[in-house]
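Hello,

Here is the structure we talked about, ready for you to open in your viewer. My notes on what turned up in it follow below.

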Amino acid sequence: MSNLKVGLIIDNDVVSPLLEQLTAKSLETNNFSIEAIIIQDIPKTDKHIFKRLAFIIKSRGFKRFFRDVSFKFIESIEFAFFNIFIKTYNPKSEACRDNFSKIYVKPIISNSGFVYKYKDSDLKKISNFDLDILIRGGSGILKGRILDLCKFGVLSFHHADNEINRGGPPAFWEVYNEETSTGFIIQKLNNELDGGDVLFKGSIGTSFIYSMNHFKLMSKANIFLIKLLNNISKKQELPDPLPKKPYSGKLYSTPKITQQLIYLSKTLLRVLIKLSDYISGRRMRWSIAYQHTKKWDDVSLRKSKVIKNPPNRFYADPFIISHENRDICFVEDYCYKKSIGRISAIEITNSGYTDLGIVLEENFHLSFPFIFKVNDEIYMCPETYQANEIRLYKC
């Protein structure tokens, strides 16, 4: 296995915290390393801005221009409020690390402002580093020789499920359409827009607020990019691309003013409901139920017997084990007062159930009490993510 040499493409010396995670990881692993950060010099002069605005208004009309500006305003306000609670989140954070070599390039930008191509002189500067792979972390639809300059090409995110949602803004339409999940793909770019080879596909549960959904999507997707780079380094080849399917859906773009108003009204209502629940003490509570059967996939769930939640607590994540002619159900026992979960045990019999009490408690959250036997000994591996550990307990 050889170290994978990676180049990271960004704009104007700006690295998002999510890409900072990638650079930090490269300093910890022997699988890949960031050999160079390629900084696209994107014009920021007033002349360029007014030229861009004039082009947008002329090509798309004033209505499209107005809705773009309106959505940017909503996005900025929402992300600013979200950042108060999630201090590490800033989609435009500064500070490119000094640990890495920097290559400054000036892309040739199309009249539309979307397509970027590189000059031969800039391509030569990049090729001198003999990079294995490039990661697109900046603006522009990359086309031309840059796509084939490195052994494994250019990898990029599409923060949506490309079979369901193409276009943008990323992580918004899933919230607007109230979809249960929000997808993402990692693809190897080619000259066809959205036509690259999909190397990985994943998803998260959709949040009720756009900014929160955006943050979760970017964070989770980044984890799998790091995993993909590790695998490419170990195997010295790209994974087989996922099968391609023709896309028949609409191409999403900035929501219309009416859609923005609908989103704002729905979001405000959801926030008010959650705030009201918090003030009044109403909280979401899971519960568990059981039923004796010899065929679990042919039962009537309404006939199940509910195990009552204790005051100011709830049970969730049931795992049952039979031992010495006893059926014991281990559960997450969440305590609102302490805001953490413990593990409790409940004995289930033909005549009812008996709460055996808390069997495992730590100073961090415990849940999902996966339990199993080895040589007649009982072990448990619960979720212990707050401890940043995988723990195994013996009964």
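**Strands, helices and rings**

Ile-9 stands opposite Ile-38 in strand 2. A word on the ground rules before going on: this is a predicted model, in which local features need pLDDT of at least 70 and side-chain atom pairs count only at pLDDT 80 or more, while totals for chains, interfaces and linings use all residues. Residues are numbered from 1 along each chain as its sequence is written, and side-chain values use heavy atoms, with hydrogens and water left out. Helices (H or I, at least four residues) and strands (E, at least two) are DSSP runs, numbered from the N terminus.

Strand 1 and strand 2 pair in the parallel sense over eight bridges; two strands count as paired if DSSP finds at least two bridges between them. Strand 2 also pairs with strand 3, again in the parallel sense, over five bridges, and there Ile-39 stands opposite Tyr-104 in strand 3. These strands belong to an open sheet of seven with the order 3-2-1-6-8-10-11 and mixed pairing. Its edge strands are strand 3 and strand 11 (197-205), each of which pairs on one side only. From one strand to the next, the twist averages 25°; axes are lines fitted to C-alpha atoms, for helices over the stretch in contact, and angles run from 0 to 180 degrees between N-to-C directions.

At the strand 11 end, strand 10 (residues 181-188) and strand 11 pair in the antiparallel sense over eight bridges. Gly-183 stands opposite Ser-203 in strand 11. Helix 5 (residues 210-235) packs on the sheet, where it touches strand 1 (4-11), strand 2, strand 6 (133-136), strand 8 (154-158), strand 10 and strand 11. The direction of helix 5 makes about 35° with that of strand 10.

How many of the nine residues of strand 2 are buried? Eight of them are, so strand 2 is largely enclosed by the rest of the structure. Here buried means under 20% relative accessible area, exposed over 50%, and partly exposed in between (1.4 Å probe, protein chains only).

**Helix 3**

Helix 3 lies across strand 2 and strand 3, running at about 170° to strand 3. In helix 3 (residues 120-127), the buried residues are Asp-122, Leu-123 and Ile-126. Seen down the helix axis, they fall within an arc of 100°, so they line one face of helix 3; the arc is that of the directions from the helix axis to the C-beta atoms. The buried residues of helix 3 pack against strand 2 (32-40) and strand 3 (101-105), with contact meaning heavy atoms within 4.5 Å. The face turned away from that buried side carries the exposed residues Asp-120 and Lys-124.

Four strands form another open sheet in the order 15-16-17-18, with antiparallel pairing. Strand 15 (313-323) and strand 18 (352-360) stand at the edges with a single partner strand each, so one side of each is left without a neighbour in the sheet. Neighbouring strands in this sheet are turned by 25° against each other on average, direction ignored. Strand 17 (residues 340-349) pairs with strand 18 in the antiparallel sense over seven bridges, and the bridge partner of Thr-349 is Gly-352 in strand 18.

**Aromatic pairs**

A search of the whole structure finds 20 aromatic pairs. Rings of Phe, Tyr and Trp (its six-membered ring) pair if their centres lie within 6.5 Å; planes under 30 degrees apart count as stacked, over 60 as edge-to-face and the rest as tilted. Phe-71 and Phe-172 have ring centres 5.2 Å apart and planes at 80°, so the pair is edge-to-face. This pair links distant parts of the chain, 101 residues apart: Phe-71 is in helix 2 (residues 46-85), and Phe-172 is in the loop between strand 9 (166-167) and helix 4 (173-176). Both Phe-71 and Phe-172 are buried.

The ring centres of Phe-314 and Tyr-334 are 5.2 Å apart and their planes are at 20°, so this pair is stacked. Phe-314 lies in strand 15 and Tyr-334 in strand 16 (residues 326-335), 20 residues apart. Phe-314 and Tyr-334 are both buried. One aromatic cluster includes Phe-71, Phe-172, Trp-173 and Tyr-263.

**Cysteines**

The structure holds zero disulfides (pairs of cysteine sulfur atoms within 2.5 Å). Cys-329 is buried, with a relative accessible area of 2%, whereas Cys-395 is exposed, at 71%.

Best wishes
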